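Please walk through this model with attention to its backbone geometry, its charged pairs and the surroundings of a ligand.

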Amino acid sequence: MDKSTAGPRVVVVGGGATGCGVARDLILRGFDVTLVEYGDLGCGTSSRFHGMLQSGARYAVSDTVYAGECMRERRIINKLAPEAVEETGGLFVSLPDDPADYGDKFFAGCQEADIPVRELDPADVMASEPAISRGVHRAFAVPDATVQPWRLLNLVAADIRRRGGRVLLRHRVTSFDMTGGRVRAVEVEGPSGSLRLEADAVVNAAGPWSGEIARLLGQDVALELTKGSILVFAHRLVTRAINRCRMPSSFDIMVPTGTVSLFGTTSEVVDDPSTTLVRPQEVQDLLDAAEPMIPGIRDRRVLRAWAGVRPIVKPDNWPSGRSLPRRHTVIDHGASGAFTICGGSWTTHRMMGEDAGDHVASFFGINRPSESATTPLSPDGGGSAWNPTTNYQGVEDAQTRKRTLCECESIDRDLVSQMVNDEGLKRFHDLRRRLRIGFGPCQGTFCGSRLAGLVAHLDQDFPAQKELEAFWAERLKGATRTAWGHHARQIILSDAVFRENLGIRLDDKAHPAGDDR
Amino acid sequence: MNYDVVVIGTELDGWVAAARLLELGRSVCIAAPGEGSLHYAPGGLHVLGHLQGQPVTEPYAGISALHDHHPYRLAGADRMHAALSWFDNSPLGAGFTYRGGQRCNSLAVTSAGLQLPVLSSCDHQAGVEQVQGNVMTVLNFSGHRDFPSGLLAAEFIRNGERVTAIAVDPPGARTDSVTIANAFDTMDDPGAWFGDLSAVLPGDTDVLLVPAVLGSKRHRDVIAAATRALDCTVLEVPTLPPCLPGIRLRNACERYIHEQAGTLRRGFRVAGMDADQDRVRSVTGSTGQTIDVSAVILATGGVLMGGLEVDSHGKITEPAMGLDACQTQPLSKVGAEQAVDALHRAGIETDEDFRPRHSGSRPWQNLHVTGRNLAHWNPGAEISAEGVAIVSGWLAAEAAHRELGS
Amino acid sequence: MTTTHLDRDSHEGRGFSVPLMTPAMVRQSMDNCTKCNVCQVHCPVAGVTDAFAGPKYAGPQAERFRIIDAVDETAPMLCSGCGICTSVCPNDVAITDIITLAKADQVDRAGGIGLGQRLLNRPELIGRLGSLAPWLANGVLANSLFRQIAVAVTGVSRDAPLPRFAGQRFRRWLKHLSQREGPQITYFSGCAVDHYDPDVGIAAVSVLNSLGYKVTVPPDACCSLPMLSSGDFETARPRARKMIELLTPSAGAGQTIVGTSTSCTLTLKSKYAAYLGFDDRQASEVAHAVSDICGYLLEHHADTFAKASARVPKRVLYHGPCQLRGHHIGQPALELLRLVPGITIELSQASCCGVAGTYGYDQEKRPIAVDVGRSLIEQIADSRPDLVICDSETCRWNIEQASGVPCLHPIQVLAQAMELTSGKVFQD
Ligand SMILES: Cc1cc2nc3c(=O)[nH]c(=O)nc-3n(C[C@H](O)[C@H](O)[C@H](O)COP(=O)(O)OP(=O)(O)OC[C@H]3O[C@@H](n4cnc5c(N)ncnc54)[C@H](O)[C@@H]3O)c2cc1C
Ligand code: SF4
Ligand code: SF4
């Protein structure tokens with residue numbers, strides 16, 4: 001299986017959706033691939049997003065070509081990794097404020113983009129979605145879906161490893177050796193010091209940090225960084241992804257994903273690619289904007305707010321004020337063997353990988369077409385469709401109710417031990433992301449110390465105490481953005497458990513970012 | 001129906017106020033929609049454990065560094081001492097002992113292997129002084145998820161202590177704190193159960209640390225039996241909520257109230273009041289029932305227990321009596337520590353008798369506010385929950401009693 | 001001069017002033033849960049067996065999954081519906097109701113409930129059979145062989161405290177009662193009084209008469225609670241509607257409807273809305289008119305009892321039934337009994353006697369019910385009171401059977417304190 005000596009050596013920078021898509025495409029074409037990721041897979045924008053595997057209907061009017069691409073990719077991803085996709089379906093609803101003529105244009109656009117669309121009786125829609133406005137006057141069903149980001153990224157990474165590629169997590173690219181104007185090597189820094197990775201080419205897939213990586217390559221890439229903030233509601237308020245039937249803009253989608261639902265997003269241009277701060281005013285704006293769609297939204301519990309940063313390459317001479325194109329861009333940095341790929345979306349990440357793969361292949365004069373759309377992701381051809389009730393059903397079937405370590409998300413203690421023992425994962429954020437520990441209403445109040453107890457039990461030398469402190473600080477950071485109603489009580493209960501019972505300190509200075517980034 | 005005093009809420013401050021008033025011969029009705037935060041309390045009397053992030057040795061000496069309107073500043077050191085001494089000598093505080101002397105904190109061991117300064121606690125609760133330097137065994141019950149013994153052991157080992165962690169099947173095949181405690185409460189011969197345990201206990205054990213689940217009624221007998229059977233010191237460490245040490249205290253409070261023929265209107269949610277100028281005359285429940293009163297003590301537990309409500313605009317209100325809440329900092333503070341601090345410090349401002357303002361500078365004559373409802377303190381940062389509850393509850397009771405006259 | 005903070009509505013001072021909770025509101029209350037575990041501490045069933053994971057798990061926690069997709073679960077099935085969890089929850093989670101709704105879903109999925117539960121669900125049917133020939137029914141049920149056969153066929157526990165049929169004694173007594181004119185009040189007797197416990201009804205009507213009320217008793221009185229709490233909503237629905245219609249004339253005329261069965265009154269007050277979604281005007285008028293009899297007496301006649309009670313030199317143990325908690329009024333019977341001179345009251349340390357309606361009759365659940373009730377029975381055995389007093393009928397039957405000490409409704413003691421002899425109260 002080891003093909004590492006087969007083809008030219010390519011280092012892909014960034015382990016988000018884009019980097020994973022690129023790395024997989026390249027390894028399927030026979031390249032010797034190393035993926036370098038600063039933190040954990042998907043710790044950047046690829047987990048700070050809205051969770052949707054878009055049918056493309058959202059862009060049916062504004063960008064029909066892109067809409068068609070989304071639909072095509074959405075079908076492919078679902079076939080490649082059904083275990084990471086939930087077929088929730090999506091709805092576009094016209095509310096009194098939405099333009100009356102959009103519905104017809106929308107319907108036509110969907111048909112043109114080959115997106116299966118069906119108009120529904122508004123009365124039926126309102127009956128089956130009790131939380132939404134009673135003012136729906138038109139409604140369309142489209143095949144929107146949601147994706148579990150970490151599940152899919154880990155499948156991709158496993159496939160890359162299986163095929164002889166390397167995935168270096170917790171390694172930061174610090175510089176490039178470009179002797180003679182060509183990529184020679186990539187310098188990276190990891191937990192056990194620095195490493196030099198010999199390379200014939202580099203693909204910069206560092207998302208919002210692509211500008212920084214480009215600078216290290218001696219290149220100037222003009223990025224517009226747009227931050228989007230999202231509110232996480234405590235349970236599924238809706239059964240399908242609900243979109244407003246109007247030109248895509250901010251504040252118009254409620255997505256059921258995992259056990260929660262996400263409403264978003266705001267949109268504001270930022271300078272810092274690492275910013276994850278949600279301003280109080282954004283929270284208010286989100287609530288105001290959600291009210292017409294979900295009346296009484298301010299009485300619903302919100303678990304936290306988060307923000308992700310969208311990296312979009314600004315085309316030359318783009319008229320100011322016009323929203324930037326959704327489609328991605330591949331920049332070929334001349335004869336150096338360096339490429340930057342940026343923009344696009346989670347939904348189209350495979351196609352982006354294919355596009356970058358085409359560029360890299362042609363750079364080396366290799367004429368091998370992409371196989372990423374047709375090669376199954378897992379050796380057994382993919383698992384079964386998944387939804388969050390699977391966790392609960394599993395506990396009910398096995399009657400292991402009092403063994404759940406994270407009660408809100410119904411996560412069995414043995415699952416955690418397995419991951420610690422088999423995959424050597426001990427960092428709480430890594431476990432959290434893979435298993436959803438601490439994602440539920442209590443936001444780590446109870447599962448945090450149980451996790452610490454278990455990990456410390458399995459490895460006495462692991463600094464579980466410090467991890468617990470950081471874990472709590474990170475959970476609180478998002479949760480305190482939405483400290484009202486019963487969630488305010490939750491936060492104080494959490495404080496009572498951590499400080500007044502466990503004796504843990506809470507110190508903003510000790511955990512400035514409180515996260516991996 | 002009428003009562004001298006209606007105490008609203010079953011927080012520790014409410015129990016203390018009710019107990020004191022009954023002791024003073026007043027008729028008391030406790031009205032509370034749900035149960036209180038003692039279910040979360042790790043036991044022990046935390047008066048002032050931390051100041052500006054540093055551990056405090058002498059809580060009374062530390063109060064001058066607190067905010068002017070901190071409940072302890074309103075009380076003053078002497079009245080504080082009177083209240084805490086009363087608690088100490090009352091049936092509620094039975095079993096609490098001072099380890100650092102009357103005025104000094106000692107350090108309690110937490111299940112995360114950390115230390116919490118505490119003024120007094122039950123003699124069977126693990127303190128740093130009793131365990132340090134001894135050969136320790138940490139016991140966990142297999143399947144019991146609320147006691148992170150691995151963390152406790154690892155932390156002790158890191159500090160150079162000699163610790164072994166063992167796990168045994170819980171009695172009665174029960175796996176949560178409450179059911180294990182029930183099993184110990186109803187066990188025929190706890191001594192025999194611990195006798196069996198000695199087979200797996202490392203022989204050189206000086207101190208056995210157990211999760212604080214050895215019963216909710218008979219725990220003293222159980223611990224005594226364990227000590228005899230194992231011939232070593234047996235100390236409890238509090239678990240995650242539900243926390244038996246807090247629940248035992250709650251049970252003691254309830255028992256005392258019943259014995260003194262106090263009335264408990266459980267489920268009664270006060271939703272309003274009728275007042276005659278600055279005097280409350282009756283309170284009304286959400287079901288429309290009214291209770292005529294001569295005085296009211298509002299012990300509804302602040303943000304934690306719904307005594308204060310926060311809306312999505314970040315505004316804090318007091319829902320039962322409609323009192324004004326004071327917010328010194330906006331809740332939208334950036335940074336978890338600051339945001340939590342703002343939530344804690346919001347609350348009702350009162351005079352020295354814990355009476356909130358009625359109009360202008362004049363206070364309500366017969367309405368008192370206690371515990372977590374009060375502004376300008378932070379139990380999480382100060383480690384002071386029980387202290388403030390007892391001091392404000394007791395002083396509110398004293399003031400109400402004075403006000404009622406003879 | 002007077003400040004009032006409460007938003008009073010048209011039902012001021014009478015019944016719930018908060019809007020009725022419908023199934024949607026019940027479910028939405030799951031969001032209030034902070035996972036604090038208070039309910040887990042107090043749930044009597046979870047306290048004695050790990051087979052039931054407890055209110056938090058079966059209630060708000062599982063509900064987040066249930067609303068996503070159908071699940072096959074047994075989590076809700078061992079809940080007794082006692083309501084204690086809801087009453088102790090500091091965060092207003094309608095735990096019991098969430099669990100009961102989930103039970104109904106599972107019952108639906110399983111295609112209905114078993115024969116035994118169906119039989120228990122129709123107390124008035126057993127009652128009517130029994131009243132035709134009480135001697136037959138009593139003879140039959142006292143015969144353990146027949147009980148065994150009944151168990152095999154129906155799933156009703158052979159040790160369950162089945163009451164003795166009393167025929168239509170209460171109704172017959174009522175027919176011969178002549179009442180003076182006075183303010184009108186309605187008395188909802190419930191099937192227990194109609195068929196098994198006529199003395200409670202007689203005491204209730206006598207007390208109300210002596211306080212000057214003219215009492216109306218509606219002809220039919222089964223609220224269908226057993227069906228609701230076992231999840232058989234569809235059978236209950238038309239019967240509940242009929243019951244509302246039957247009570248509408250009283251409620252519409254502004255009368256209070258008092259009842260001696262805490263669980264029946266609770267059903268009328270809030271469960272029709274919570275389980276069946278009845279929140280229309282008619283239903284809420286009835287709901288708001290209903291009151292527990294002791295709650296009503298405490299609110300309006302505490303003075304009379306304080307001044308005019310005769311000595312009742314008895315040592316009694318008062319057990320407030322679990323279902324009383326759903327009324328949000330504390331334990332009014334206890335407050336009233338304390339006004340009676342001569343009486344010595346010991347309080348039950350238990351929150352539930354175990355039987356919780358019809359739960360303790362099911363043979364599968366009977367052992368759990370016995371475990372739950374053990375501490376109460378032991379307390380009674382230790383303190384040997386003259387009487388046990390409890391507001392709820394199935395609890396009384398259970399306690400009497402298990403402890404051997406006579407168990408009365410508080411209204412019977414209050415009747416004695418008022419020296420009313422028309423109802424047979426208790427032997428000195
Ligand atoms: C609010 C929001 C909502 C969205 N919703 C959707 C949606 O619903 N559906 C959809 O399809 N798309 C959505 N998108 C778009 C989608 O999330 C992004 O297009 C996609 O995740 C970008 O992935 P990426 O791999 O390019 O960037 P990232 O995920 O940010 O990955 C870049 C990676 O590079 C790493 N890195 C950075 N610097 C270095 C270095 N020096 N060395 C090593 N590694 C480095 C980072 O750690 C990071 O993991 C949304 C975007 C936002 C902001
Ligand atoms: S008592 Fe209420 S808030 Fe606490 S765990 Fe139970 S349901 Fe949740
Ligand atoms: S209703 Fe009673 S038995 Fe059911 S979960 Fe609640 S407390 Fe437990």
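Helices and strands are here DSSP runs numbered from the N terminus, a helix being H or I over at least four residues and a strand being E over at least two. In that scheme B:Asp231 sits in the loop between helix 8 (219-230) and strand 12 of chain B. The model is a predicted one, in which local features need pLDDT of at least 70 and side-chain atom pairs count only at pLDDT 80 or more, while totals for chains, interfaces and linings use all residues. Residues are numbered from 1 along each chain as its sequence is written, chains are lettered from A and ligands numbered from 1 in the order in which they are written, and side-chain values use heavy atoms, with hydrogens and water left out.

B:Asp231 has a positive phi of about 55° although it is not a glycine, and B:Ile383, in the loop between helix 12 (379-382) and helix 13 (385-404) of chain B, likewise has a positive phi of about 55° without being a glycine. B:Asp231 is exposed at 70%, whereas B:Ile383 is buried at 2%.

Two cis peptide bonds also fall next to or within loops. The bond from A:Gly264 to A:Thr265 is cis, with omega near -5°, and A:Thr265 belongs to the loop between strand 17 (260-264) and strand 18 (268-270) of chain A. The bond from B:Pro241 to B:Pro242 is cis with omega near 0°, B:Pro242 being placed in the loop between strand 12 (233-237) and helix 9 (244-259) of chain B.

Over all chains the structure holds 83 salt bridges, a salt bridge being a side-chain nitrogen of Lys or Arg within 4 Å of a carboxyl oxygen of Asp or Glu. A:Arg450 pairs in this way with B:Asp146, the closest N and O atoms being 2.6 Å apart; the pair crosses between chains, from helix 12 (residues 447-458) of chain A to the loop between strand 9 (135-141) and helix 5 (149-158) of chain B. Both A:Arg450 and B:Asp146 are buried. Within chain A, salt bridges link A:Asp40, A:Arg170, A:Asp430, A:Arg433 and A:Arg434 in a network.

Around ligand 2 there are 14 residues, of which C:Cys33, C:Cys36, C:Asn37, C:Cys39 and C:Cys89 come nearest, a residue being near if one of its heavy atoms lies within 4 Å.

Notes:
Buried < 20%, exposed > 50% of the residue type's maximum accessible area, 1.4 Å probe, protein only.
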